[in-house]
Amino acid sequence: MELVVFVLAAAMILVGAVGVIVRSNPVHAALSLILTLFGVAVMFVAQNAHFLAAVQVIVYAGAIVVLFLFVIMLLGVDRSEDLSSEPFRIQRPLAAIVGLGVIGLVVAAVVSSRDAIMVRGTGLNVADTVGDGDTNIKQLARSVFGDYVVAFEVTSVLLVVAVVGTVLLTRRVKGSGKAS
Amino acid sequence: MTAVENVRQTNEGAQEMRSRSEIGARELLREVGAVLRMSEAEAANLGQIPVDPDEDQTMIINMGPQHPSTHGVLRLMLELQGETVLRCKPIIGYLHTGMEKTGEELTFLQGGTNVTRMDYLSPLNNELVFSMAVEKLLGIENDIPERAVWMRMLLSELNRMSSHLLFLATNGMDIGAVSMMLYGWREREEVLRFFQKVTGLRMNHNFIRPGGLAADLPAGWRDDVLSILEMLPPRLAEYDILMTDQPIWRERLQGVGVITADEALALGTSGPILRSTGVAWDLRRDQPYLRYDEVEFDVIVGTYGDAFDRYAIRLNEIRESIRIVYQILDHMPLGDYRIQNKKVTPPPRARIDESMEALIHHFKIFTEGFKVPEGEVYVGIESPRGEIGCYIVSDGGPKPYRIHMRAPSFVNIQALPHMMRGGLVADAVAVISSVDPVLGEVDR
Amino acid sequence: MGYLGGFLVTLRQVGRRNKVTRQYSGGRELKKGKPQRDEKADKPERLHGRHVLNRYEDGMEKCIGCELCAGVCPAKCIYVRGADNDPENPTSPGERFGFVYEINYLRCIHCDLCVEACPTEAITETKLFEFSFTNRKDAIYTKAELVVGDDGRPQQLPWEDWREGEDLSTSGWVRATAPSGDATFEGVVGWSGELGYGERAPEPEQTVRDGGER
Amino acid sequence: MTDVQEAPQPETLHGSPVSYSRGQKVVHPSRADYVKVLKKLLDDGFAMCSDLTAVDYLTHPGRELPSGVDAERFEVVLNLTSIATRDRIRVRVQVPESDATIASLFELWPGTEAMEREVFDMYGVSFDGHPDLTRILMPEDWDGHPLRKDYSVGRIPVQFKGANS
Amino acid sequence: MSFLAAATPTTTWYLILAAVLFGIGAVGVLVRRNPLVMFMCIELMLNAVNLSFVALAKKMGDIGGQTTVFFVMVVAAAEVVIGLGIIVSIMRRRPGATADDISALKG
Amino acid sequence: MTALLGLDPLAIGDLIWAPLLIILLKVVVIFALGLLVTMFMVWFERKAIAGMGNRIGPNKAGPWGLLQTLADGIKLFFKEDLLPDRADRFVFKLAPYLAFVPAFLVWSVIPLGGDFSDGKDGLVEWFGQTTRVQLADPPVGILLFMALSSVAVYGIMLAGWSSGSKYPLLGSVRASAQMVSYEAALGLSIATVLLLAGTLSTSGIVGNQGGFTDWHVVSTGIVPFIIFMLAATAEMNRPPFDLVEAEQELVGGFNTEYSSIRFGLFFLAEFMNTVTMSGIIVTLFFGGPQGLFDIPVIPGAIEGTIWFIAKVLVFLYVYVWMRATLPRFRYDQLMDLGWKILIPASLGWFMLMAVLQLGRDEGWNRGVVGIISGVVIAGCAGLMSAAVRTSRANREREGAMF
């Protein structure tokens, strides 16, 4: 059963990922990205990370990709990009080589070090065994607001900075349009 | 340049709004209303900017002729930046049926059936202005029986109510208050039911004729009118609660579609649009016709010239009309409802059997129509939408040589681009609604 | 109040007795023979509807083929051709009768000018306006369809939806008996008798209609 | 039967003859004086141009005009309204067929824009200086000007069953 | 059902999947020129990392992995907001800009 | 695997046929119920709004027009399916399903009934099996709802974009901005509930609301409920926030180019959303299937469902009522309401509740905590309104951009 889930989700992830890089239309690329994100969310559930799965969908699919689409529509750049022409002839083969190289290296590292992965922490509380549905969330909350509370605060600041920065970036002062 | 050459130059698409890269600065300036809105220096400054089509992503969108809120077949070309309206160009003519040409083919007796179809929301006012113009040409305008005059006032004011009620309905609908739509129609229905009782038709009555009216008021008319007058005020109070007091409603209309008094005058607008800018111009009071100088009523004016003022003016004009109708009920005299002029009015049916002369008159009026002396005349009255005027040239025959109707909506529509500029698409809808154009009258 | 006041207004309408709309489906008969639940709006006396050609009380047709109605029609929707009566078996009391009489209802605007023009009160309008056609031919009513039946009632054609009372008084009655503004003719009947109805009473006098002397 | 009641001494307004039609005041400026007279009328307080239309006098040439005004085929008719004095005045300008052009009043009353377009559309009278002289009611590719008297009315025969029998 | 139960995906499977996803994302960044799509490819790479974090968190029994993923998501959101802001302001000025035009940022 | 199906007690232990059948039955019944309720909702809305407009409403198909929706559905199904020339074919066809599926999935996490009295925790005995009257009860139930409602925007956005037409495009741009803006207020108002409930599971949230005073609408103060109600209305494009469709402005917005059954799916999704959103409101704030009193005669297993339906009906009526009464907001007013009022208010209220909760846990003096937090919130509100005023003044000074 778990295998079925894995295979289906992996297929979603890979098809989506390939779609992102081969679909010429940005909207289609964004749709493929959603497919990948959903696959990843399913993987999260299979790994007992329910909360993250939900957040994955809410944040990534619900906000980030919506923003992408919003920008695409706002700018009207939804015309298909011509993928057949390339500015540097060497770019694509090079990219393929680099990509394959990265994949190969990481896979090799994973395979060679698989025995080195050992149980380090106190273990994940899983609802099936504990019998409390919220256990994963509680554990995560304790971690975020306990051990990593400084990181949490810094991230909040980062978000605020991002919001303010974006507002400044896109604000159009009257008269500045003439400058170009 | 002769006219014929000019025609050849205007090819398909000439009416349409063109993209900024295709037009010069002057044309652009005119379209955004520079003539009215900006100081010369400001306009000149604007004109010097080279228009770079890539600089801003604008979109030209057609609102209409098939759009739910363009009140028929009005077509607006809007240039949008995001949702902000930069330019607007009204394009009309989709309902053009050549009524002025048809009017030249119909006798003065039949003419009523033609003009009544122009502004189909206030048909009685159309008939009234036509009849008054014909009567002026005939020289009988002072001989119209009192009862006919007061009946005309009664019908005209009731028609104003029904027209304004429909405005409230459509305005509510355009802003998204769906119930208001039905309430407006509901109340208008009561008025139309009275019209149906009087004239036999709900609209396009052909009831007000040159020389008087087609028939007398039916039995029980006073009770019917009174029931309408008693029904309306509480309903209007409901509208106040539903819309006037509603903060969303105010937010949607206040400060939207603003026009100043100078602009409104220069553009020739009349009626509630002109009055919303603070100009108290109402032909009923300022150039009294019928017996409007004998009744008491207030001319409702606005202050800000925005869509809310125009809404409030129409709402309160219904109240004023109620006031007038009460006075009409008090005044309504007995007597003839048609002028006793054998050339204009067909004889009573009972006389046909008695008198050969009456039969001849009957035949003459219904086949050839009555002849109207040579001359030309313009009569303007206050229709619910503004000044409706009738310009008739007669060559002495039974048919008008030229009949021209000054349609208030046709003129008012020109104010749309000036009111819409800088607003959002939703504001554009509110503005169209607040101008309340009737396309039958615009295109004629 | 502000935001919430309107809610009371809308809520107050719920359950109101006199609905604006009525149970009406365009005159379609759902089940043959069963009484219809559909109701039509009440029609006032003067309503302009489909025309009829009337007959005298003795069954003679009133139309004399004078073409006044065709001449006055602003929409040019009436076609009349008169013919001489057969002296042995006259169709109408006069010399001539309407041999061909047609109205094209695709053009008729129901302005009632024909009714006013008719010197013999031959053409009047009933209160029926629910008649629709699926082809242009059906829209042209010939004399055979327009003329009243032997009981003086309009013929009820299969595609028309007649209801109680719609064939009773006709629009022409008010205008034809009206004094055209001439006070001396108020209350005078100027209307010849009709098959099925006899002579119609005149409208009440103005003073009565206006609710007493003023 | 005449309705233009000439005053004992020809009345003029801003140098143009004035007549009265059914008691309504009518000014008859020449085409050359047209804009000038109207500018003066605007300054006189006629702030609103209620109506602008035209008449084609092709089949009715013998109409009454005050002396000094030559009848031409077209006549552009304006109705001005003064809000201040609650007054109306009518302006009739003769426009010859051979050169059916007249100055536009767009600069004086921007509201004449649509009305002038309508006159152009219906009569083929051109308005010099009009910013956008295109057809307004008729389709852009329409031939001719429908309200001219030599433009036929056109008829669609009404269908009857017995008309041919 | 037995053959399905026989092969249960281990952590290694997840890690390899993450590696492939990361590689695809990297290739996308190198190949595509539309800045928006490049951005999406970066999201792919981030997701690959997230996936491996979660897989390892389960394997190693440490909630810290999931915590990290949580932070990555938040940072990703912030990054996207800023990135899209920049792209919008560039594209407004020159529609059809590609990644090559971002050199305009150098001012 | 149990993780995927949620914590239904049926699924714990060995898979045997009877529970599996019950699960399947539940899926079928709840899906059918969803469709049925939606059909009823369409009829109900039309009938109720007709009443408010002094009309009769649907009255021909079936008794009191009950089958009107079915008739409309059949009609839509047999209509010609139009595909605009400039449409993006694949996305155009995909979009209705993207709108439809999430609307139905939310239905699966709402507790439709159950016996919450005497610590029974919503479990009922049906056919000898203990189960919940709820399709699935995942530990992150309410987050699932959030996720699905944020996915639902794709159907609308993509429908507008793929039509290749301008009005739908405007509609879809409006949709995306509106959804993103109101999602935040929605989430923050839910957070207040979660703070009290201490769980993300929907049945857990219901279980936390025992008596009337424990209903979250009371215990969180009424503010989060009002915010949720407004944000939810905006989230599902109901009037007065139906800018996405706004037939008076955008002709129909995103679904302008849709016809036939594809339009039907959008239509269905919209009304399904209304129903599910009412269900979520009842679950979050009004104690879900928990009753105020015992209804005599009726067994406890069904009683909860009756209460649930009654409460949902109230909200359905409120939605219809709002549609009949309120004029539509304008785009900028909508954004102002979302960003300047709802989000700060929900955030402030969340902080207040958090502080009060903390105070309760730590045993602080309630009055002091209340006063201090009140002062802080008032200060923040003052700052906020000052900022809003300044920006409005700036905007007015700079005027519309041309």
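The structure is a predicted model, in which local features need pLDDT of at least 70, side-chain atom pairs count only at pLDDT 80 or more, and totals for chains, interfaces and linings use all residues. Residues are numbered from 1 along each chain as its sequence is written, chains are lettered from A and ligands numbered from 1 in the order in which they are written, and side-chain values use heavy atoms, without hydrogens and water.

Helices (H or I, at least four residues) and strands (E, at least two) are DSSP runs, numbered from the N terminus.

Contact means heavy atoms within 4.5 Å. From α3(A), the contact residues include A:Phe51, A:Ile58, A:Val65, A:Leu69 and A:Met73. From α5(F), they include F:Leu143, F:Met146, F:Val153, F:Met157 and F:Trp161. The contact holds 20 nonpolar residues, 2 polar and no charged. Ala, Val, Leu, Ile, Met, Phe, Trp, Tyr, Cys and Pro count as nonpolar, Asp, Glu, Lys and Arg as charged, and the others, Gly among them, as polar.

Chain D has 2 helices and 8 strands. Their order from the N terminus is β-β-β-α-β-β-β-β-α-β. Along the principal axes, the C-alpha atoms of chain D fill a box of roughly 65 × 40 × 35 Å. Chain D has 165 residues, of which 58% are buried (under 20% relative accessible area, 1.4 Å probe, protein chains only). Of its contacts between residues at least 6 apart in sequence, 54% join residues at least 24 apart.

In chain C, helix α1 covers residues 5-13. Its buried residues include C:Phe7, C:Val9 and C:Gln13. C:Gly15 follows α1(C) and has a positive phi, near 80 degrees.

The whole structure contains 0 disulfides (pairs of cysteine sulfur atoms within 2.5 Å). For B:Cys390, the nearest cysteine sulfur is that of D:Cys49, 17 Å away. B:Cys390 is buried, at 0% relative accessibility. For C:Cys114, the nearest is that of C:Cys111, 6.3 Å away. C:Cys114 is also buried, at 7%.

Methods:
Buried means under 20% relative accessible area, exposed over 50%, partly exposed in between (1.4 Å probe, protein chains only).
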